[in-house]
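Open your viewer and keep the selection tool at hand. We will go from stop to stop.

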Amino acid sequence: MENLKLVYTGKTKNVYALDNGNCLLKFKDDCTGKDGVFDPGENSVGLTIEGVGDVNLRMSIYFFEKINAAGIYTHYVSADLANTTMEVLKAKPFGQGLEVICRHKAVGSFIRRYGSYIEEGADLPAYVEMTFKDDAKGDPLVTKDALVALGVMTDEQYDTMKAMTQKITQIVADDLKEKGLVLYDIKFEYGYDADGKVMLIDEIASGNMRVYKDGQYIDPMTLSKLFFA
């Protein structure tokens, strides 16, 4: 890693530039949380758990290969488990960063906002919402009209991203269902290539999804162990 150019230092991954024009993601054992307690929803690193980087990479490889095989465009090229790294295509982020959430069940912030209209745990029709990555503003929700008006993306890019999100979420949900697990919601990140084509980026790990078993929430660390059991 010493000979590679560090492009970006993230909370859970570092990004390096490769000579072939691609990038290398180095997965770390740092986790988001608060006061030493792991929380995927937190905006800062709260603790380090040995092996987290490895298991996040393993799950990402598993799903990226499945999604690529389904003909959906992602940044995934290859991975090296020995070095906890993943080679990816170069992508530009939308604006200063965007998170895309797909919800199969009403929980979390959805219930906090709309609890007067729906019961917790109620089914949702693969509902997609987007938020700006902005820690100071609490990752505000943003509508399609706003994204287009602000020049963050085109109308077509939004529609493509929404359709991709629903397809990918179903792939993940079906896989978890085979293991007796129920996906309530999941968070993705997207970018676009030099031609403006939308691609799935970042990782697909247990910390980005809310999963239940027999009506009980499964924390990300336990989920990773169950997934690879």
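**Before you start**

This is a predicted model, in which local features need pLDDT of at least 70, side-chain atom pairs count only at pLDDT 80 or more, and totals for chains, interfaces and linings use all residues. Residues are numbered from 1 along each chain as its sequence is written, and side-chain values use heavy atoms, with hydrogens and water left out.

**Stop 1: α1 and α5**

Select residues 52-69, helix α1, and residues 220-227, helix α5. Helices here are DSSP runs (H or I, at least four residues) and strands likewise (E, at least two), numbered from the N terminus. The two axes come within 11 Å and cross at roughly 55°. Axes are lines fitted to C-alpha atoms, for helices over the stretch in contact, and angles run from 0 to 180 degrees between N-to-C directions. That angle makes α1 oblique to α5. Oblique is what remains after roughly parallel (under 35 degrees), roughly antiparallel (over 145) and roughly perpendicular (65 to 115).

The crossing of α1 and α5 is left-handed: the near helix is turned anticlockwise from the far one by less than a right angle, while clockwise would be right-handed.

Now show side chains. Val52, Val55, Met59, Tyr62 and Phe63 of α1 meet Met221, Ser224 and Phe227 of α5. Contact means heavy atoms within 4.5 Å. Seven of these residues are nonpolar, one is polar and none is charged. Nonpolar covers Ala, Val, Leu, Ile, Met, Phe, Trp, Tyr, Cys and Pro; charged covers Asp, Glu, Lys and Arg; the others, Gly among them, are polar.

**Stop 2: α1 and α4**

Which residues of α1 and α4 meet? Tyr62, Phe63, Lys66 and Ile67 in α1 touch Ile168, Ile171, Val172 and Asp175 in α4. The contact has six nonpolar residues, no polar and two charged.

**Stop 3: a pocket**

Select His104, Lys105, Asp123, Leu124, Gln170, Ala173, Asp174, Lys177, Leu181, Val182 and Leu183, the lining of the second largest pocket. α4 gives the most to this lining, with four residues. The lining divides into five nonpolar, two polar and four charged residues. A pocket is an open set of points on a 1 Å grid over the protein atoms alone, where a 1.4 Å probe fits, with protein on both sides within 12 Å along at least five of seven lines; lining residues have an atom within 4 Å of a point.
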